[in-house]
There are 2 protein chains.
Amino acid sequence: MTDEGSGTALPAGKRARRKEARPAELLAAALVLFTEKGFAATRLDEVAARAGVSKGTLYLYFDSKEALFNAVVRGIVLPSVDKAEAMLASHAGSAAQQLKDILIYWWHCNSDLRLGALHKLIIAEAGNFPEVASYFSENIVLRGRQMIRRVLEGGIARGEFRPVAVEAAIEVIMAPMLMLVVWNNAPLRACGSHCPPEQYISIHLDMLLNGLLQTGTTLS
Amino acid sequence: MTDEGSGTALPAGKRARRKEARPAELLAAALVLFTEKGFAATRLDEVAARAGVSKGTLYLYFDSKEALFNAVVRGIVLPSVDKAEAMLASHAGSAAQQLKDILIYWWHCNSDLRLGALHKLIIAEAGNFPEVASYFSENIVLRGRQMIRRVLEGGIARGEFRPVAVEAAIEVIMAPMLMLVVWNNAPLRACGSHCPPEQYISIHLDMLLNGLLQTGTTLS
DNA sequence: AGAATTAATGACTGGATAGTCAGTCAGCGA
DNA sequence: TCGCTGACTGACTATCCAGTCATTAATTCT
């Protein structure tokens with residue numbers, strides 16, 4: 001119940017004044033609650049309480065519930081995409097190795113930043129917030145797809161990969177990653193992986209690269 | 001706006017009495033709205049209006065909003081899982097062909113019954129409705145996984161498939177299918193497949209069976 | 001036809017909550 | 001030490017909506 005939103009607990013006095021720290025703490029609290037309960041079912045009193053302030057304070061920093069939702073989506077994601085693109089740009093390995101490193105990096109973003117929780121939130125609320133959804137599409141989804149696309153096209157051009165349909169392949173590659181983070185952020189028993197994510201990712205890569213069939217067999 | 005919930009438009013009088021047809025029409029309307037807006041954001045007035053009745057009528061057939069939600073989940077899914085299991089039991093083809101037919105059947109279920117919309121709904125609301133979520137897990141997810149498991153184990157036993165980690169493979173196979181139906185039920189531009197689902201499924205299968213690598217290459 | 005039955009209605013209520021604002025008090029500078 | 005500023009508070013309001021029920025009318029029975 002009396003959970004402090006984020007890390008640094010400074011003055012901790014009953015009515016401490018910490019103008020700098022409030023927005024981030026409120027965003028962190030809002031991310032958790034929006035993610036757990038959805039936008040409509042999340043009470044602003046609860047968000048404020050989790051961040052250790054009153055609802056009035058929340059309104060000092062965000063104009064409305066919707067503005068808070070916007071800020072949550074926009075404030076959490078961009079830095080990690082930037083970093084991923086930089087990482088890939090300076091990557092010298094094989095296409096298969098690039099793929100592996102991107103997927104692992106993606107997983108780490110999700111543990112650190114709750115980016116996965118955000119994906120679940122967007123899936124759930126896309127219909128109610130078309131603007132937030134298209135912001136997310138353009139800034140996260142498109143850029144992420146573009147990274148995978150470059151790896152695949154490079155791999156195919158160099159003869160490392162078979163010439164598969166790139167756009168569909170992107171989805172086939174990303175979908176298990178998305179489901180992994182979605183189930184890790186949704187308490188649905190009997191769904192989600194029963195093995196550690198790193199192992200899950202390496203099995204995914206193994207199947208992706210080598211296929212399921214014994215060599216020689218073909219589908220009719 | 002003045003959309004009739006489901007197919008058969010019978011008497012159509014202003015205040016027609018159709019005790020038999022109401023529940024199904026209300027469920028259909030509720031499925032669409034819960035799916036589009038989420039549980040909390042869906043108004044019962046709106047559900048009733050979409051089914052062409054007043055809110056009072058809705059309460060003649062369902063005790064509460066939550067009971068309606070339960071009925072939506074429970075009423076939509078079981079028959080299709082039954083049918084899929086029957087189909088698989090009498091399937092004589094190769095494991096690869098069984099896999100293909102199951103995925104295609106799954107896709108058809110989703111177009112016909114909006115089962116995919118239901119998956120999106122469960123992902124979004126699992127945290128708020130643990131009982132509904134575990135009902136869904138036990139009756140849909142577990143049985144679905146069991147079908148894939150049987151196909152994979154059979155394929156591996158007969159030497160048709162490589163001996164991959166079955167549990168993780170199940171997820172890698174199903175995840176792209178889930179994402180396919182989720183994006184088909186969530187109006188997120190720039191997500192989802194840009195090719196027809198049948199083609200998407202066959203590309204998924206091709207990559208799944210044959211892998212991405214040119215034969216001979218291996219990941220370090 | 002008239003009575004009895006019951007599906008359907010929609011105005012109403014009670015509880016909940018997004019958003020407001022007059023007041024309080026922590027921290028700082030004089 | 002004192003008084004000022006503004007970050008913070010929480011009671012308050014206006015609204016929204018799940019759930020109710022007295023009334024209306026479609027259908028069936030006699």
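I started with a helix pair: the axes of H9(A) and helix H8 (residues 166-184) of chain B come within 10 Å and cross at roughly 70°. Axes here are lines fitted to C-alpha atoms, for helices over the stretch in contact, with angles from 0 to 180 degrees between N-to-C directions. H9(A) and H8(B) are therefore roughly perpendicular (65 to 115 degrees). Helices are DSSP runs (H or I, at least four residues), numbered from the N terminus.

I noted the conventions next. This is a predicted model, in which local features need pLDDT of at least 70 and side-chain atom pairs count only at 80 or more, while totals for chains, interfaces and linings use all residues. Residues are numbered from 1 along each chain as its sequence is written, and chains are lettered from A and ligands numbered from 1 in the order written.

I then listed the residues of this crossing. Tyr200(A), Ile203(A), His204(A) and Met207(A) of H9(A) meet Ala168(B), Ala169(B) and Val172(B) of H8(B); contact means C-beta atoms, placed from the backbone, within 7 Å. Six are nonpolar, one is polar and none is charged.

I widened the view to both chains. In contact are 61 residues of chain A and 61 residues of chain B. H8(A) gives the largest share of the chain A side, ten residues. By class, that side has 35 nonpolar, 16 polar and ten charged residues.

Last, I checked DNA strand D. Of the 24 residues around it, Val53(A), Ser54(A), Gly56(A), Gly56(B) and Lys65(B) come nearest; a residue counts as near if its C-beta atom, placed from the backbone, lies within 6 Å. H3(A) gives the largest share, four residues. I found six nonpolar, five polar and 13 charged residues on this surface.

Terms used: Contact = placed C-beta atoms within 7 Å. Helix = DSSP H or I, 4+ residues; strand = E, 2+ residues; numbered from the N terminus. Nonpolar A, V, L, I, M, F, W, Y, C, P; charged D, E, K, R; others polar. Parallel < 35°, antiparallel > 145°, perpendicular 65-115°, else oblique.
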